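Please look over the structure below. A short report follows it.

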Amino acid sequence: MELFEQNNRYASFWIKAAEHKIIEYTCDPGKLNNICVNDKPNLPLDITPVLFKREVLSKYQNSPHKYSVSDGHVHFLQDGIYLRVDTDIPDYVAVLLVDLSFLDYEEQLYWRSFNIKPNENIKISNAAYNRWYEGKFVHSSAPDAVLVEKYTQFYKHWNEQIGWPLFKENPDNENCVLYSLHLLTEEKNEKEFYEQILVVTKLFIDSLNVEYFPKLEEKENKSLNRFDAYLKQYNVNGSETIGFLRNIQRLRSTKAAHLGKVEKKVSKYFNFEESSYGFILGSIYATLVQILDDLIYVANHIAGQNKYCH
């Protein structure tokens with residue numbers, strides 16, 4: 001891990017110390033017990049987790065030219081720093097105490113402003129535990145991370161099977177809109193929710209590679225109609241997938257584009273009256289993962305038909 005210039009000052013954070021005592025303690029590496037050496041057994045361990053409100057990530061998610069937020073870390077692009085972050089928990093995030101020392105003092109103070117006191121009910125995720133303490137490579141179970149991984153897998157699979165990418169957004173490009181996907185920093189954050197709906201629309205509708213789809217009559221010559229026509233050429237019933245994407249499109253058009261309230265049918269479809277924005281977004285991500293899984297089978301089916309025809 002590449003570091004900023006050596007800090008002269010270190011911020012303090014709330015941690016759970018020995019005997020379950022909650023204390024405020026510095027992230028200064030010289031005042032922490034190194035887990036490997038065990039040279040300061042009476043001091044807190046350097047790998048003690050520190051907890052923060054999830055809103056701490058907003059700064060980084062809103063500045064993709066400076067930072068990249070993905071499964072398990074925040075990448076400070078200009079400085080080459082990868083800050084390990086447990087992003088698998090819906091309500092908060094966690095960072096190892098010693099890792100905070102890699103940030104300059106002002107950045108530490110920014111994180112400190114979101115610091116929360118640990119308690120018995122707040123724990124790190126299984127993914128973070130295995131990565132940080134067991135040294136294992138594990139896949140994230142967070143809906144946004146799962147979707148990013150599935151999209152990347154699908155993009156390559158479709159391209160290999162069919163010979164061209166279904167979506168124009170290439171995950172190999174670090175500026176791909178895919179990496180703007182994230183869970184809400186607050187469960188009821190309406191603005192952030194609709195920003196994510198815009199991202200989903202760009203990924204799954206606006207970036208459809210329509211040049212490979214049949215052309216339709218002018219009134220019907222829209223991307224989803226043409227995608228549906230393409231699937232029907234191979235006797236694939238894509239009604240559920242197309243229907244879901246149409247509702248995403250309507251959601252974007254009526255609310256995210258600030259044209260008015262969400263249509264009643266769309267509101268009912270996504271269960272707005274009974275569910276939070278955070279829950280709805282997580283459900284949308286989960287459905288998109290299932291759609292990509294289904295389209296992997298579709299790619300195999302189309303490739304098989306094309307091979308048979310030739």
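Is Thr87 buried or exposed?

## Thr87

Thr87 is buried, because its relative accessibility is 9%; buried means under 20% relative accessible area and exposed over 50%, with partly exposed in between (1.4 Å probe, protein chains only). Thr87 sits in the loop that links β6 (81-84) to β7 (92-96). Helices (H or I, at least four residues) and strands (E, at least two) are DSSP runs, numbered from the N terminus.

Leaving out residues up to four places away in sequence, Thr87 touches Arg54, Leu57, Ser70, Asp71, Gly72, Val93 and Ala142. Contact means heavy atoms within 4.5 Å.

## Basis

This is a predicted model: local features need pLDDT of at least 70, side-chain atom pairs count only at pLDDT 80 or more, and totals for chains, interfaces and linings use all residues. Residues are numbered from 1 along each chain as its sequence is written, and side-chain values use heavy atoms, without hydrogens and water.

## Asn126

Asn126 belongs to helix α3 (residues 126-132). Asn126 is exposed, at 65% relative accessible area. Asn126 and Asp88 are 38 residues apart in sequence, and their C-alpha atoms are 8.5 Å apart.

## Helix α5

Helix α5 covers residues 190-206, and its 17 residues should span 24 Å at 1.5 Å a residue. The expected span is 1.5 Å times one less than the number of residues. The end C-alpha atoms of α5 lie 22 Å apart, which agrees. Buried residues of α5 include Phe193, Tyr194, Ile197 and Phe204.

## Whole chain

The chain has 9 helices and 8 strands. Of its 310 residues, 49% count as buried. The C-alpha trace spans about 75 × 45 × 35 Å along its principal axes.
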